[in-house]
Each structure stands twice: as structure tokens, then as C-alpha cells.
Amino acid sequence: MVNTSEQQENQKSAVAIKLEGVHKWYGAFHVLKNINLTVQRSERIIICGPSGCGKSTLIRCINRLEKHQRGMIRVDGTELDDDIKHIEQVRRNIGMVFQQFNLFPHLTVLENCCLALIWVLKKPRKEAEAIALNYLERVKVVDQAFKYPGHLSGGQQQRVAIARSLCMNPSIMLFDEPTSALDPEMIKEVLDVMVDLAQDGMTMICVTHEMGFARTVADRVLFMDSGEIIEENDPENFFSNPQSERTKLFLGQIL
Ligand SMILES: Nc1ncnc2c1ncn2[C@@H]1O[C@H](COP(=O)(O)OP(=O)(O)OP(=O)(O)O)[C@@H](O)[C@H]1O
Ligand SMILES: [Mg+2]
């Protein structure tokens, strides 16, 4: 059994995610360099930085969509090592939302949301549907439940993707540029859902360049460049008083 009493104890601890001295290479390319990051439970972290600096790679390592080669990553007290049970345990606690929604096009919205409830959590269909409808209601797309993703707007699809993650009752949500593929008028409806989640106490790491959102919800903003965390601060100080030249340059370009 993976969920030992020690792990249950850890899950209640204040630390949700811990990275120590994490390095990753793609072949010879050193993509993550000595990443150290501790995320407290209910903390909201925003990661920003130039294209190619390693933001997606970093958050993908946290639920083992990518494997780090040196250092330690621990999620809810479980270390991501080569033990598949540990990896499954970590993935059960984490929901992830991508830039490109990643919904199954041949399944309705409701079926998309029920899939893992039925096949992974072994819920009876009726119960799975009740859970899914509840989260679709929460993200305000319940009226789309019987449509196929291709018949929804981008903003609606992304809210379905968020609902699908929430169905699994994760304790942590990772977002990788969830609004950057959306038309401007749809960005707010997705951000509103994320603000609501944040206010509800969800532990969140979000890669985004939506700086208004960062100011509203972030406890900390991290700036990455060339595979390193260059600077981190609370949003107020991060934006008004950036320390490094690279951060200043970056903010000058996006603000
Ligand atoms: N599977 C891979 N194999 C080899 N190189 C990769 C792979 N995935 C990413 N890279 C490279 O690693 C670097 C970091 O990529 P990553 O996607 O983490 O950056 P990012 O900060 O998320 O960029 P963006 O803002 O464009 O999404 C880039 O130079 C990228 O080309
Ligand atoms: Mg990316």
C-alpha cells in the first residue's frame, strides 16, 4: 500500500511541493538548472519568463510528464523517484491544465469529465455523472454537457478542461499558459474560474503572462530565464521593484 500513515501525515503538512537542486537535460541541453522551490499548501505561485526558458518543463516535471535527472521533487510528501506507485500517487493529487485544452474530440463534454472517474477511480456511471455535472456547473458550462468539444468556444473548452481536472479532486492544480490560445474576450471567463479556485484555497502553480491575474491571486511571482529561477517576490514588489536586469527587461517587454 502506498498511502502509509507517514504519507498521510505528510499530506496534512504545510508543504505541498518541494523541489531541491533539480536539474534536467534534454540530451546535451541543460534545460533546468538547480531549481529550488517550496510551495506551501494553498499557496498560489505564478511563473513567468521568456519563451524557451523552461517554464513548461518545470511544471511538467512536478507531475512527471517529464523526468528530472538530478535533485529531489516531493509532492504531498511523496518523492518522485522511479517507483511507479509514487508517480501514480503524485498524479492522483495533481490536476493539470494545458494551453491546448486536450479534450477528447469524439466524446461529449460530460463523457470527457467522466472518463477518469469511471476508469481510474472506478465510480459507477451515475455517480461519475453527478460529480462531473457539479463541476461543470461550477465553471458555468453545464449547459454544454451533451455537446462535443468542437462545438464549444475556446473559453468554454478550457473551462471544461478545468472541470475535468477538478472531478479528480486534486489538492494541487498546475496550469500551463491556460489562456494564451484564447481570443481576448474569452480570457476573462477562464481567469474568473481560476480566481474562484484560488479563493477557495487550491494550491496552484500557474505559468502565465496575464499580469493582472498575477497581481490579483499570486502569493509569489517567479521569474525564470535560461532554466533558472532568477527572481521571486510578492506581486507588489515583483512588478514595482524588480531586482535583476533580466527581470526589468522582461517586464519592460510585456507590461
Ligand atoms: N522534448 C524536448 N526535447 C528537446 N528539447 C526540448 C523538449 N521540450 C522542450 N525543449 C527545449 O527546452 C527549452 C525549454 O522548453 P519549455 O517548453 O520548457 O519552455 P517554456 O519556457 O515553456 O517556453 P514557452 O514560453 O515558449 O512555452 C526550449 O529550448 C525547448 O526547445
Ligand atoms: Mg511553455
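Helices and strands here are runs assigned by DSSP, counted from the N terminus, and a residue belongs to the shell around a ligand if one of its heavy atoms lies within 4 Å of it. The model I am showing is predicted.

I will start with ligand 1. The residues around ligand 1 are Tyr26, Phe29, Val31, Pro50, Ser51, Gly52, Cys53, Gly54, Lys55, Ser56, Thr57 and Glu177. Sorted by class, that shell holds 5 nonpolar, 5 polar and 2 charged residues.

Which element gives the largest share of the shell? That is α2, with 3 residues.

Now the polar contacts. Ser51 has a side-chain N or O atom 2.6 Å from an oxygen atom of ligand 1. Cys53 uses its backbone: a polar atom there is 3.2 Å from an oxygen atom of the ligand. With Tyr26, a polar side-chain atom lies 3.4 Å from a nitrogen atom of ligand 1.

How much of ligand 1 does the protein bury? On its own the ligand exposes 640 Å², and the protein buries 57% of that. Two elements give two or more residues each to the shell: β2, residues 29–40, and α2, residues 55–62.

Next, a pair of helices. Two packed helices are described by the angle between their axes and the distance between the axes. Helix α4 covers residues 109–119 and helix α6 covers residues 154–167. They pack at an angle of about 25°, and their axes are 8 Å apart. Angles under 35 degrees count as roughly parallel, so α4 and α6 are roughly parallel to each other. The crossing of α4 past α6 is right-handed.

How values were computed:
Residues are numbered from 1 along each chain as its sequence is written. Chains are lettered from A and ligands numbered from 1 in the order in which they are written. This is a predicted model: local features need pLDDT of at least 70, side-chain atom pairs count only at pLDDT 80 or more; totals for chains, interfaces and linings use all residues. Side-chain values use heavy atoms; hydrogens and water are left out. A polar contact is a pair of N or O atoms within 3.5 Å; within protein, one must be able to donate a hydrogen and the other to accept it, and residues adjacent in sequence count only if both atoms are side-chain atoms. Accessible areas come from the Shrake-Rupley method with a 1.4 Å probe; for residues, only the protein chains shown count as cover. Helices (H or I, at least four residues) and strands (E, at least two) are DSSP runs, numbered from the N terminus. Ala, Val, Leu, Ile, Met, Phe, Trp, Tyr, Cys and Pro count as nonpolar, Asp, Glu, Lys and Arg as charged, and the others, Gly among them, as polar. Axes are lines fitted to C-alpha atoms, for helices over the stretch in contact, and angles run from 0 to 180 degrees between N-to-C directions. Angles under 35 degrees count as roughly parallel, over 145 as roughly antiparallel, 65 to 115 as roughly perpendicular and the rest as oblique. A crossing is left-handed if the near helix is turned anticlockwise from the far one by less than a right angle, and right-handed if clockwise.
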